[in-house]
Amino acid sequence: MKLSRFGYRKFVSPTPRLDGAIKAIEAAAVGYLPEEERLAALARFEREKAKVGFDDEAEANFARILEAMYSPSQFLRDAARFPHYFEIVVAVAANSAFLTDVVVRNPEYLYRALDGSFLERPLVEREFAEEVERKLGAFKTFEAKMNALRSLKRRELLRVGVNDAIGNADLRRTTSELSILARSLGGAAFRLAMRETFGKRGLEPDLANVCVFSLGKLGGNELNYSSDVDLIAFYDEERDVTEKATFGDLTIEATKLFIEECSRVTERGALYRIDFRLRPDGRNAPLVRSVEDLLYYYETRGEDWERQALIRADFFCGDETLFRRFVSYLAPFVYPASPGAAPIEQLRRLRRAAADRAKGEVNVKLSDGGVRDIEFAAQALQLVFGGKNPRVRTPNTLDAIDRLEAEGALYSEEADEFRESYVFYRRVEHHLQLMNDRQTHTLPETGAALERIAKRLGFDDGAALKADVSARRRRVSKIYRSIVHDEEVVEETLDLSVVGLEDVARAETNWRFLKEGLGAVGVKKFDVKTVAAFERIETPLLDRLRRSLAPDRVLEHLARIVRAARFPSLWYERLRDEAFLDAAIRVAESTATVELFAEDSGLKDQLLSGRAFVVEEESALPPKEALFKAGVRLGVRLIEPAEFSRAVSSAAIGALRTTAEEWAEEHDTEEWFLAAMGSVATKESRFTSDVDLVFGYADAKGGDVEPAFVELLRRLEAALAPIKVDCRLRPEGKSAQLAWETDAYKNYIRTRARLWELQAHCKIEFVAGDRRRFDEVIDAVAERIAALDEETTRREMSELRKKTEAKSLGMGAPRLNLRKGVGGLADAEVVAHRALLADAERYRELRAVPLETILTTVSDGHADTARAVSTLKAIELHNERLFNASGSRTPTDARRLAEIAEAVGATSVGELRAAINDAMKTIREARRRELER
């Protein structure tokens, strides 16, 4: 996986391309254009370049665009005659690496944008929706239709972005067209998902029975370039549509497909980030409910923040009549006739929680006096006057300001300030987001990026831009506080009550420590610089905590990490990076990972520098570092569970081999071997896995070799820490000598090894020493397998498994044992190992590979069993990662189950439990077929 998927682009420094644009023009012109045309093109380019902030990145972007042209020389010839050609291309190169990527991939889109009539024509929602349907009609498969939607978005985004960059469209047009795009393309995607889901059952979806409405920026028809799309869905009437499913069931399934496909990143990009978390009862509630359920929730349990959110509700797709009926019913909740102080107080508290009171950081959305203050002020007035005056009801912020002014709720000078600053802030946001298609609202502190945006907005330099923003923030903040009667000081401590905490008192203690270094006795330890650094991340940290399923644990772990840090301010400065903050929260959710590095300065430096996210050769890493890095990458979803297991196993084997070979050189030992057994041998290591070892030697010289191997064991234990070493799987177990002479080892296998020991040797791998001696042991195992009676083997394995599973029972169904329970991973091992113990050659081939590989190799019929194994392994691994669980039992606490569900991609606890039950049923049936026939 690429780190850029998680926003880690800044870890890689692009190579500067100084004068790349001029070189590209020269390369395209020489030999193709007359000297007069070449000089004219260069002159025109220089004039356009002088109008914008053209830095190294813009140079590189321009060169890429020109190289992607179907005929660069023809473009230059045309650009010398038509001034707007260079105006458009230079604007794209200077303002947006994202739009540059669109042009490079689809140069035909640029040729459309160079057509003045195409740019001038406004996007009309009805006409564009009809075009979308016509385009989709040309494709047959669901995937092809979704790709067509992604391509349409890229084409139209280029047109909208070009109009914005060259000043051809004002803010209202830009945000309106971005919103039309989202409704038209997103609505088409939802209908496709409904048809795909219902069509699999031979049914036509009743789209008149369902409605999806939008909130937030899209609900206000003022979408950003990189906004999330906040949606809520409901249906009118529930009914059975198949013997096993209702209309609601299939609509939920379709909605999941819609979210997944819209969010999926393809070579054409993603369609939209879809967010349903604003629905009643949040992420743990059904994705879609009946209209009656929604209305009942809002009437009986609706909160003030939901009242505020519903101000910006608007139709998205489905049945618009149903939406209008829903809004009509809900109007008394959203706009109460006598709102009183409660909604305004709640709004004021929410605003304080979201405010970025950072010193030295300019976040035009969250900072005091930014976009959020304007939006909250307008919504506060709508709540106050909307119950008695429907004319102030509108989801659009600028429209609300106009209406509030017209109705006398805003003074003209206040409305003018809000309008001008809102438009200005949103222009800044659009420039920041267009650059790399990232959801950001923070001005760069210094550098070329700041100077470029300053020039784009008409300022002499970045300092002048920042001074203007600072003055606007003071004016907007003053108006906001006068409207909501907020007399609190700007530096007020944020309110943790908006975070879903289990132990508020403990969380507040951790927060006070993070903010000021306050210990149990109330002594303030942090200096002014550190306190200021934390204040800059307060709001984004609170926002991430609100989204986390484990805010208590995250705060606890962050406090532990900072408490052991020499310079907490370094951590706070690093956490200002949005991508790093997201990753740090993910890491802090993992108890197992934090246990590894909280007091380890070296590993903390790896996280702080970003090296923890970079893939290295795992076999060369110390096991603790490999375990830590794999845990971090698993937590931030850079790797899958199987990749984690391979990485940790490889590091353990590497450390064993290096240590053992050093020992052998010191002792002049030749005919010996070290082998690993268990999960490390099959590349299936987990956080809590032991490393099982066996030692063999050829006693050519005689003498007591035991002390030397005991010394080796001690070295191996030290090299593998914190991974534990176990030698109980050696012949005769823990009561026997540590190292076995190979002839005695082979004789033991041939004559005395019990069936479970042969099973253990299905998971053995050579590590170091004399490979021939190890192979002799494997030959002995294969000979013993060839002599086994298949029916006796099956019976004994069945009896042995029943004994071990009996010990796992008694805890009740809610706490399933994913490994030892009926249908657990131990049963899957029985199925796989029975196949190996039935065929000596198959044993040689598959004795040290992952369980899924054995199952899919020995039988085509075990593909489902292998998938079930992967499911249980992933759940088991994330249970260990999140909670440092030492066993394989699932937790009973609903919040913990919800965390595991989120980690493995399940949308709810119910879906997680269903996945576990289905997987264990599949494995249970496979075991029955193999052992009870």
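A: Helices (H or I, at least four residues) and strands (E, at least two) are DSSP runs, and they are numbered from the N terminus. The model is a predicted one, in which local features need pLDDT of at least 70 and side-chain atom pairs count only at pLDDT 80 or more, whereas totals for chains, interfaces and linings use all residues. Residues are numbered from 1 along each chain as its sequence is written, and side-chain values use heavy atoms, with hydrogens and water left out.

The part to look at is the loop between helix H13 (247–263) and strand E3 (274–275), where Thr266 is found. With a relative accessible area of 19%, Thr266 is buried, a term that means under 20% relative accessible area, while exposed means over 50% and partly exposed lies in between (1.4 Å probe, protein chains only). Leaving aside residues up to four places away in sequence, Thr266 touches Asn147 and Arg150, where contact means heavy atoms within 4.5 Å.

Next come the cysteines. A disulfide is a pair of cysteine sulfur atoms within 2.5 Å, and the structure holds zero of them. Cys262 is in no disulfide, since its nearest cysteine sulfur, that of Cys317, is 9.8 Å away, and at 0% relative accessibility Cys262 counts as buried. The sulfur of Cys317 lies 7.5 Å from the closest cysteine sulfur, in Cys211, which is too far for a bond; Cys317 also counts as buried, at 2% relative accessibility.

A nonpolar core is a set of buried Ala, Val, Leu, Ile, Met, Phe, Trp, Tyr and Cys residues joined through side-chain atoms within 4.5 Å. The largest one has 90 residues, of which Phe54, Phe62, Phe75, Leu76, Leu149 and Phe258 touch the most other members. Helix H11 (residues 171–199) gives the most to this core, with twelve residues. Apart from it lies another core, of 82 residues, among them Ile537, Val562, Val594 and Ala647.

Finally, Asp416 lies in helix H20 (residues 412–436) and is partly exposed, with a relative accessible area of 34%. Its side chain is joined to that of Arg419 by a polar contact of 2.8 Å, meaning a pair of N or O atoms within 3.5 Å; within protein, one must be able to donate a hydrogen and the other to accept it, and residues adjacent in sequence count only if both atoms are side-chain atoms.
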